[in-house]
Amino acid sequence: MISEKMLALARGNSAIRAMFEEGNRLAALHGRENVYDFSLGNPNFPAPAAVGRAIRGVLDREDSLLVHGYMNNAGYADVRGAVADSLNARFGTAFDADNIIMSVGAAGGLNVVLKTLLNPGDEVIAFAPYFVEYGNYVANYDGKLVVVPPNTEDFMPDPQRLETALSPRTKAVILNSPNNPTGVVYTAETIARIAEVLEAGRRAYGTEIFILSDEPYRELAYDGVEVPYVTKFYNNTIICYSWSKSLSLPGERIGYIVIPRAVHEYEIVYEAACIATRVLGFVNAPSLMQRVAAECLGARTDVEAYDRNRRLLYEGLRALGFSCVFPQGAFYLWMKSPVPDVDFAEAAKRYNILVVPGASFGCPGYVRLAYCVSEDTIRRSLPAFEKLAAACFARA
Ligand code: PLP
């Protein structure tokens with residue numbers, strides 16, 4: 001009766017629902033404060049005060065028909081101009097309003113770009129471990145996700161393995177840095193090597209290959225680490241940015257796409273992406289939030305607080321004998337599982353700890369802990385982790 005693709009998704013959804021229900025069940029039994037839920041990438045710090053001020057200011061100041069009205073599918077021209085100016089000031093780029101399309105978060109942006117680029121059967125490459133929704137987004141347009149196996153040495157994408165994954169059907173490669181789930185920030189050298197491999201692939205196959213840079217965590221980088229701006233390395237780069245994490249606004253669904261003029265056949269790509277925004281039913285990104293985002297381009301979430309969480313959890317778990325990647329960005333800790341990852345996640349629940357098995361990111365043998373929780377939750381979780389460690393290391 002319903003679509004076969006959706007039937008498969010509805011049946012497969014049980015694991016996510018089970019995790020959510022397990023969190024609620026444990027909270028009802030032990031109290032919410034005694035459940036250590038590291039499963040969700042939902043920011044725990046409120047949006048900066050500038051966001052509330054901007055919402056009130058826009059509503060008080062501006063004509064409500066304009067604030068809440070339809071506009072060009074790309075978004076308000078002045079908002080797009082402000083986004084371009086801010087990128088130029090930060091990254092030395094030369095964008096203008098016509099390089100920007102306002103989007104419904106990064107998820108909306110990725111769907112617009114994939115709708116724009118893909119013919120049925122086209123391949124999109126992702127590096128494991130990867131954000132699991134990529135598979136669904138690519139399938140939306142009858143594309144095929146090709147997964148490059150993980151580089152478990154440092155979880156940097158491996159350009160050599162990328163080379164073997166390329167084919168005449170490769171249309172795009174998704175990069176995600178700072179990375180969900182590993183917290184790794186891709187180095188300029190790695191991105192430059194990827195660009196070389198893709199240039200060679202374009203020449204060999206006579207095709208266009210795009211980099212799709214998925215950047216919801218761009219502002220969450222620690223210790224002054226540089227997050228290179230990918231358009232500088234490869235002409236056919238399209239960026240999908242979001243304020244979901246950087247301003248703690250995931251429910252407001254606001255972000256933008258950057259399509260530089262250096263992209264092959266820029267005019268038609270940009271035009272088609274505007275139309276994709278319309279025909280996918282987004283029509284335009286939320287109008288009030290576009291205005292708010294433009295007024296908050298200099299605002300940031302509490303990166304220092306995430307940084308404190310990062311150190312506390314990393315050092316706490318390391319002291320217990322767990323082996324983790326020290327995250328340089330995002331708010332995830334990627335930990336080697338001492339027993340098979342699905343068993344570890346099950347065992348953790350016995351100590352009221354919720355984590356996501358690496359298999360959910362195409363990388364079994366690891367688990368992801370989202371440390372966008374209170375510092376107090378992390379402190380109080382450590383004795384529970386100690387018991388879990390004793391149980392798991394005894395078994396391993
Ligand atoms: N890409 C990655 C890697 C993510 O982790 C997320 C959300 O967690 C998204 C995209 C979707 O972000 P948004 O809420 O802006 O649509």
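A: In strand E13, Tyr-366, Arg-368 and Ala-370 point one way, while Val-367 and Leu-369 point the other way, and all of them are buried, where buried means under 20% relative accessible area, exposed means over 50% and partly exposed lies in between, with a 1.4 Å probe and protein chains only. This is a predicted model, in which local features need pLDDT of at least 70 and side-chain atom pairs count only at pLDDT 80 or more, whereas totals for chains, interfaces and linings use all residues. Residues are numbered from 1 along each chain as its sequence is written, and side-chain values use heavy atoms, with hydrogens and water left out.

Strand E13 covers residues 366-370 and is mostly covered, since 5 of its 5 residues are buried; strands (E, at least two residues) and helices (H or I, at least four) are DSSP runs numbered from the N terminus.

We can now turn to the partners of this strand. Strands of a sheet pair through backbone hydrogen bonds, either parallel or antiparallel, and two strands are said to pair here if DSSP finds at least two bridges between them. Strand E10, residues 332-336, is joined to E13 by 5 bridges, and the two run antiparallel; within this pairing, Leu-333 stands opposite Leu-369 of E13. Strand E12, residues 356-357, also pairs with E13 in the antiparallel sense, over 2 bridges, and here Val-356 is found opposite Arg-368 of E13. Leu-369 and Arg-368, the residues of E13 named in these pairings, point opposite ways from the strand, and both are buried.
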